[in-house]
Every structure is written in structure tokens, then in C-alpha cells.
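This briefing goes through some pockets and a helix contact. Keep the structure open while reading.

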Amino acid sequence: PQLLSSDDIIKEALDQCRTTADSRQITLTFQDSDDGALLGDRDQLTMAIHNLIENAINYSPAETKVAVSTSIANEIITISVADQGIGIPEAEVERIFERFYRVDPARSRETGGTGLGLSIVKHIVKAHGSQITVISKVDKGTSFSFKLEKA
């Protein structure tokens, strides 16, 4: 594992998603925090955050925002990606991390995803000793977050 800055990997993931966000008129926001140093695989963690942001963009209507944030408490860094999108029905939340599972197959044709994004995120987060949590309200939005130990 490398010593990483949570702000750096989040900014890298945001930069990778900016074109998609702009094309869909989605505003990306990131509230810089007290920078959290952590140990992990830079490429994997950047990919996990990228996949969460990309999903948030793809499941949000135009002119909404996707907010990435971090918070630090008790030597734990929480990274969250929240959208104002269509939300996930409660019955589906458990299944969204399955490979190729789609809440809305019609939307996946529109956005061109593979259905692997969240299963990859879950795998990466688990490899870093954490788990991903989801809070979602239909028609209000979804927030994904995971916690990593501060280095």
C-alpha cells in the first residue's frame, strides 16, 4: 500500500468524470477537508471513487449536483458520494452490488455501462478492509460511503 491523500485521489476521480458531468449538465462538488492521509492502492481507490461518481452522474437528471465529501473522526476517514438522482428502491439496494445487476435496464442502454461498476467498488473497498454503505430515497437521491483508516 502507498501513503495517499484522500483529497488527491478524490480530485483525480472528479477530473476523470468532469466531461461526462458537463455533457449531462451535472455539477460536481467537492468540499476539501482536513486532508486525510491513508494507506491504500492509489489506482484502485481512484477507480472506486470514479465508479461511484460516474454512477451518480448517470442516474441523475440534468441540472442537479453530485457531491463528494470526506469527514474524519476517530482516525477514520469517510468518503461519500451523494447525488440528487432517481434513487434506488429499498428492495433493490442489496442487489446493486451484484455483477451485471441493473435497477433500470433501459437506463443502462442509454448510459452504456457494463453493470460491473458497483461490484468493482465493493471488491476494492473490501480489499481495503472496509465496506460500502448506501442510503437512498426514491426520487430524492442516493449516497454511497465507505470508511478507511487514517494513516
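The second largest pocket holds about 230 Å³ of space in this predicted model. The largest pocket holds about 540 Å³.

**Second largest pocket**
- The lining is made up of V93, E94, F97, K122, V125, K126, S130, Q131, I132, T133 and V134.
- Two elements, α5 and β6 (132-137), supply at least two lining residues each.
- By class, this lining has 5 nonpolar, 3 polar and 3 charged residues.

**Largest pocket**
- A total of 30 residues line the largest pocket, and those nearest its centre are N55, Y59, R102, G117 and L118.
- Two or more lining residues come from each of α2 (42-58), α5 (117-127) and β7 (141-149).
- Helix α2 gives the most to this lining, with 7 residues.
- The lining divides into 13 nonpolar, 12 polar and 5 charged residues.

**Packing of α1 and α2**
- Helix α1, residues 6-23, packs against α2 at an angle of about 35 degrees, and the two axes are 8 Å apart.
- The two helices cross in a right-handed way.
- On the α1 side, the contact is made by D8, I9, I10, E12, A13, L14, Q16, C17, T20 and A21.
- On the α2 side, the contact is made by R42, L45, T46, I49, H50, I53, E54, I57 and N58.
- Sorted by class, the contact residues of α1 with α2 are 10 nonpolar, 5 polar and 4 charged.

Note on methods:
Residues numbered from 1 in each chain as written. Predicted model: local features only at pLDDT ≥ 70, side-chain atom pairs only at ≥ 80, totals over all residues. Heavy atoms only, no water. 1 Å grid on protein atoms, 1.4 Å probe; cavity = no way out; pocket = protein on both sides within 12 Å on 5 of 7 lines; lining within 4 Å. Points joined across faces, edges and corners; volume = space filled by probe spheres on them. Helix = DSSP H or I, 4+ residues; strand = E, 2+ residues; numbered from the N terminus. Nonpolar A, V, L, I, M, F, W, Y, C, P; charged D, E, K, R; others polar. Axes fitted to C-alpha atoms, helices over the stretch in contact; angles between N-to-C directions. Left-handed = near helix turned anticlockwise from the far one by under 90°. Contact = heavy atoms within 4.5 Å.
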